[in-house]
Amino acid sequence: MLRVAIREAAPGMRLALPVYHPRRPGTVLLKAGVALDEKLIERLREIELKEVWINYPGMAFLGRFVSPEMQRARSELSHHILSAIDVASSGALAELDYTEYRRAIVQVVEQLLRSPSAAYFVEELCATSTPHGRHASSVCFLSLLMGLKLGDYLVAERSRLPAPHARNVTSLGIGAMLHDVGMLRLPPDALGRWNRHHDESDPEWRSHAKIGFEMIRRSVDPSASAVVLHHHQAFDGSGFPRRRAPGGGSIVVAGQDIHVFARIVAVADAFDRMCNSADAPGAEKHPQQRRPNVAVLREMCLGPSAARFDPMVLRALMNCVPAYPPGSVVTLSSGEHAVVCNWRVQDPCRPRVLPIAEGLAGAVGVGPMAGGGILDAAEEPADTIDLAITPDLCIAEADGFDVSTENFLLPTGDAFSVDKAVRAQLNRAESLKAS
């Protein structure tokens, strides 16, 4: 199996995973094992599917990074998000069936817990019909991933709640899926300005956070509505909206004063908008060139913008989003084509890779595989190269981009360990209580 961008798909490649219909939950558009031709490839480009998994000989070991059940659950969740956007657009938000949305979120969470090796953010495998819907779906899924990774942190940050309740991320998912719902009530000229210039200082565009909050606050849990109101807050206090001061005027909201769910969604929202176009409702659909994960992770976690985000949530981002996703075809500095076999948080830009002499041409004409496209687990081949111990090699190109200057090293081996950071925080808190 290989993860292949649609722009690199070629006739004769066979799908290893099904493609789901962008508007019909659980409906398979193309089954695993289908051979792609020019017409099918063009159709997949039209629905703006970003990538597919294709059969490739000798790559059965990559099957642990994909889950057909999770793909199906994500497809259904994406459908519910699009349905919510449609209902909100018609002005009938009170009619939303939040029970169904919660059920869809719980189903995704169950699959994430059931398939930990596949629980990474590896680009959407479920197409959506609008850029706004795609963004909402991606932010929701990534927020859930990070929320589960931050379980102990949620307990510490929501200390007034029983631990099981504090860890529950259902309301996080509801808030994430609706975080931009207020944009649906902005005037067309405000949306037009945003889609043309992406100017975050525009007061009318900024109002979407408060508008969205007023739209849903009577229907959802307060923690979900807090996400909608505060997903543009910044950990350093530079975000919006400001909070009313008791004696008049306004004060900034910063640090732990921002609800932890809003801090999580702020990171997921920024990551997706930096990777993809920040289009809002009403934007014209057009093919998008996705910025590579490695460039965005470098900027968010190690650049000047890192101060805007909760450091613990940035740790979760680094733990959930591979700089180079397993199954991706990359070009090494030696000029060889290789497939990414695994990744490690401590050294994200130096994964293990397997050279493939024929490149993607080796995937053309590969027949159907057992199990509907998913092979039984297998060990990595012996000729896998560990870039962490091969200093003369690095990844030079990925996703069609030159990434030779984007590779980065983390400050220390444990700098982005969520578990150790949370334990250290809890130990400090206990010490303060004792003193």
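## A walk through the fold

The protein holds 15 helices and 12 strands. The model is predicted. Of its 435 residues, 56% are buried.

Six strands form an open sheet in the order E10-E9-E8-E7-E11-E12, and the pairing is antiparallel. Strand E10 (385-386) and strand E12 (401-402) stand at the edges. Each has a single partner strand, so one side of each is left without a neighbour in the sheet. Strands of a sheet pair through backbone hydrogen bonds, in a parallel or an antiparallel sense.

Now move inward to strand E7, residues 329-332. Both of its faces are covered. Val329 and Thr331 are buried on one side, and Val330 and Leu332 are buried on the other. E7 has neighbours to either hand in the strand order, E8 and E11. Three bridges join E7 to E8 (residues 337-340), and the two run antiparallel. Three bridges also join E7 to E11 (residues 395-398), again antiparallel.

The link between E7 and E8 is a hairpin with four residues between the strands. Within this hairpin, glycine 335 takes a positive phi near 95°. On from E8, the pairing continues to strand E9 (residues 352-355), antiparallel over three bridges. Here alanine 338 has proline 355 in E9 as its bridge partner.

Is threonine 331 buried or exposed? It counts as buried because its relative accessibility is 16%, under the 20% cut-off. Its bridge partner in E8 is histidine 337. In E11, threonine 331 stands opposite glutamate 397. Leaving aside neighbours within four places in sequence, threonine 331 is in contact with Glu336, His337, Cys394, Ile395, Ala396 and Glu397. Both His337, its partner in E8, and Glu397, its opposite in E11, are therefore among its contacts.

Turn next to a helix. H14 spans residues 311-320 and is mostly covered, with eight of its 10 residues buried. Which residues of H14 are buried? They are Met312, Val313, Leu314, Ala316, Leu317, Met318, Asn319 and Cys320. The N-terminal end of H14 is capped by aspartate 310. A side-chain oxygen of aspartate 310 lies 2.9 Å from the backbone nitrogen of methionine 312. Methionine 312 is itself one of the buried residues of the helix.

Finish in a loop. Serine 219 sits between helix H10 (208-216) and helix H11 (222-230). How does its exposure compare with the cut-offs? Serine 219 counts as partly exposed because its relative accessibility is 34%, and that class lies between 20% and 50%. Once neighbours within four places in sequence are set aside, serine 219 is in contact with Tyr98 and Arg102.

Key:
Residues numbered from 1 in each chain as written. Predicted model: local features only at pLDDT ≥ 70, side-chain atom pairs only at ≥ 80, totals over all residues. Heavy atoms only, no water. Buried < 20%, exposed > 50% of the residue type's maximum accessible area, 1.4 Å probe, protein only. Contact = heavy atoms within 4.5 Å. Pairing = 2+ DSSP bridges. Polar contact = N/O pair within 3.5 Å; in protein donor to acceptor, adjacent residues only side chain to side chain.
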